[in-house]
Amino acid sequence: MYVLLLAILFSSFAHANLLEHIEQRWQGSRSIEINPRLTPGETIKKPAAVHLKILEVTIYGKDFGLIKDCLFYRVPSKDKSGLLYLHSVYKQEDCDSQITLPAKMQKNEIYNLGIENFSGGVLLQIDTKEIPIISRSKTPSLLISLVEESGHQPYVKLCYQVDDQCRVVQKDLCEFCPQGAYPVITSACRSAYSKVCARETCGEKNGFACIRGYQATQYRENYCVSDSPVAYCKGGLRVFCENDKLICK
Amino acid sequence: MNIFTIISKYKYLALTLAILSLLIVFIGRDFQTDDKNFELAETIEKIDQLWSNGGDGCSDIPASVDFKACHQQHLFCDLQKLTDLSILGYQENLAGDLTLQLAWERQKFSLKLLNRCHRALLPSGVYSSGPRGYAEEIWSNENQEIWIDRFYVSQYKIKKWFQAKNIPHGKLAFSPRPALHLSLQKMQEFCRDQKGQLLQSQILDAASFYPAEGENSLQLKSFYPWSKARELKKDCEHFIYQGCDPVADLNRSGVSWMGIFHTLGGEIEVVDNPFQPRANLKLSSIFLPVDSPWHQLGLRAHWSGRGLGANEFDLREQYLGRWRADIKISGVAFRCMYYY
């Protein structure tokens, strides 16, 4: 009898914890990624009893370093209800390393979990509750941190990189460049340029070439040639293509 | 009868009451949380607005709306008017970004306000560097975000930067007047610390020439920023030339089609010219009379960047070679550009 009362009390607090935790923490998140294997709009019912990564939500730490929150789900099966749990990553690690590990923040007794996209973010549907998660990527001049923990301050020289098919090879971390970044050509992609953390300007010796542009030159051939018309250098230096990158020598 | 006996007697009633009260508590908490989250979001939006647009300006420093919009003394004053918000701490980095630690109804959070003050975005297009009659360097900025400072860098900003970097700066005042006495190297260093770089010549050209379409528009560039017509508007509101009041506190003359100021007239300004490195000095300024041929877009002289001695300047026009100025230069202004 008393055990039942205590169990109800305990489960109600556990319930409040995870959902309240993420609802507050994820306001103004930097980015949200849904596991591409999930189908938005559908309740997640299979594969039964399997652990899946649902979302990766990147938020800002107290010092405006990055924290990755990884939301996982053990899909319900015949004998067990679903379990939602959260791991946070504070260094340069992947969410995938945390899957199936026991978590402090979790919610069990879940029977229906779904995700919907909407403009500005993602809607998480947990049984009868809906949690909208909004990212502030559209207002990049204001960053919010709602947590007390510090995050990771990444520094990647080529802070944004696209490949020949314009797929993102390096997600944009240029905000962590201490002296800004500028666009450079490192692939055949014509609708996006990579970016490099700046110490010098473009066009200097042994640095990246400046971009003249495809529209201006109407150039349609292979970009990766010496004296490539889509780029230029300063003061008598020539454009060369080394390791797919347009540089000046 | 003690409490355990009572509960045993009425156990089903007690259970129902317990469940009901728990439901009320956590549904109630849900609503409370929703409301609180909504109000917090609203408060954050208000702060964003104040930072981007400047508040009512409740300080007593007599400065323009433009100046107030970017400086945090005024922001703090306005923030204090927001109810339930307390400022626990703040820091400013070299780039002028402001980090605030705040508490709102006992909830602590931090905001980082990125210094995006006074920048205009260069629209995507194909541009031609150099003055009218010169069309050797065509370039385009598709897929690039290029932001340009609308005003010159002020002494105020430079003094704060010197302080942050522990560089002696005795002579500088906290003035909104343009900073005119830096070396080219220091200017570039300042712009780098703002996460940008010194404004480039072809970017200034792109931002200044009146946009034109059709054939030959890249050769037949406009003379002046305000229209395609060859009509010099001889009044100090359109551009600042000899005899006008000097550039003070972010004034707005010489405006171009995309919203940057002093594209004509104002101060003598240095730029970085990757196509023609010697062509790096805009002479159209308050130091030249209204009918000087230098009051035309795209013309450039040369500055070594090292000091203000007469032999550091070559005042022959570097693109067309048609004119030579005869003035003594006492200061060179600059501004920055950014790729984010």
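Me: Which residue in the turn of the hairpin formed by strand 16 and strand 17 of chain A has a positive phi?
Reply: In this predicted model, that residue is N243(A), with a phi of about 50 degrees, and the hairpin has 2 residues between its two strands.

Me: How do those two strands pair, and over how many bridges?
Reply: Strand 16, which covers residues 239-242 of chain A, runs antiparallel to strand 17, residues 245-248 of chain A, and the pairing extends over 4 bridges.

Me: And what is the bridge partner of V239(A) in strand 17?
Reply: The partner of V239(A) is C248(A), a cysteine that also takes part in a disulfide with C233(A), where the sulfur atoms are 2.1 Å apart.

Me: Where do C233(A) and C248(A) sit in the chain?
Reply: C233(A) belongs to the loop between strand 15 (231-232) and strand 16, while C248(A) is in strand 17, so that the pair, 15 residues apart, links distant parts of chain A.

Me: What handedness does the C202(A) and C210(A) disulfide have?
Reply: It is right-handed, since the torsion about the S-S bond of C202(A) and C210(A) is about 100 degrees, and both C202(A) and C210(A) are buried.

Me: And C70(A) with C95(A), which hand is that one?
Reply: The disulfide of C70(A) and C95(A) is left-handed, with a torsion of about -80 degrees about the S-S bond. This pair links distant parts of the chain, with C70(A) in strand 3 (residues 66-74) and C95(A) in the loop between strand 4 (82-89) and strand 5 (105-110) of chain A, 25 residues apart. Both C70(A) and C95(A) are buried.

Me: Changing topic, how many aromatic pairs are there over all chains?
Reply: The count comes to 15, including the tilted pair of Y60(A) and F64(A), whose ring centres are 5.8 Å apart with 50 degrees between the planes. Both Y60(A) and F64(A) are buried. Another pair, W303(B) and F313(B), is stacked, at 6.1 Å centre to centre and 10 degrees between the planes.

Me: Where do W303(B) and F313(B) sit?
Reply: W303(B) is in strand 11 (residues 302-303) and F313(B) in strand 12 (residues 313-314) of chain B, 10 residues apart. W303(B) counts as buried at 2% relative accessibility, and F313(B) is buried too, at 13%.

Me: Which residues of chain B do ring pairs link into a cluster?
Reply: The cluster consists of F223(B), Y224(B), W226(B), F239(B) and Y241(B).

Me: Which ring does the charged end of R119(B) sit over?
Reply: The charged end of R119(B) sits over the ring of Y338(B), 3.5 Å from the centre of that ring.

Me: Last one, how many helices and strands does chain B have?
Reply: Chain B has 7 helices and 13 strands, and buried residues make up 53% of its 340 residues.

Technical notes: Residues are numbered from 1 along each chain as its sequence is written. Chains are lettered from A and ligands numbered from 1 in the order in which they are written. This is a predicted model: local features need pLDDT of at least 70, side-chain atom pairs count only at pLDDT 80 or more; totals for chains, interfaces and linings use all residues. Side-chain values use heavy atoms; hydrogens and water are left out. Buried means under 20% relative accessible area, exposed over 50%, partly exposed in between (1.4 Å probe, protein chains only). Two strands pair if DSSP finds at least two bridges between them. Rings of Phe, Tyr and Trp (its six-membered ring) pair if their centres lie within 6.5 Å; planes under 30 degrees apart count as stacked, over 60 as edge-to-face and the rest as tilted. A charge sits over a ring if NZ of Lys or CZ of Arg is within 6 Å of the ring centre and within 35 degrees of the ring normal. A disulfide is a pair of cysteine sulfur atoms within 2.5 Å.
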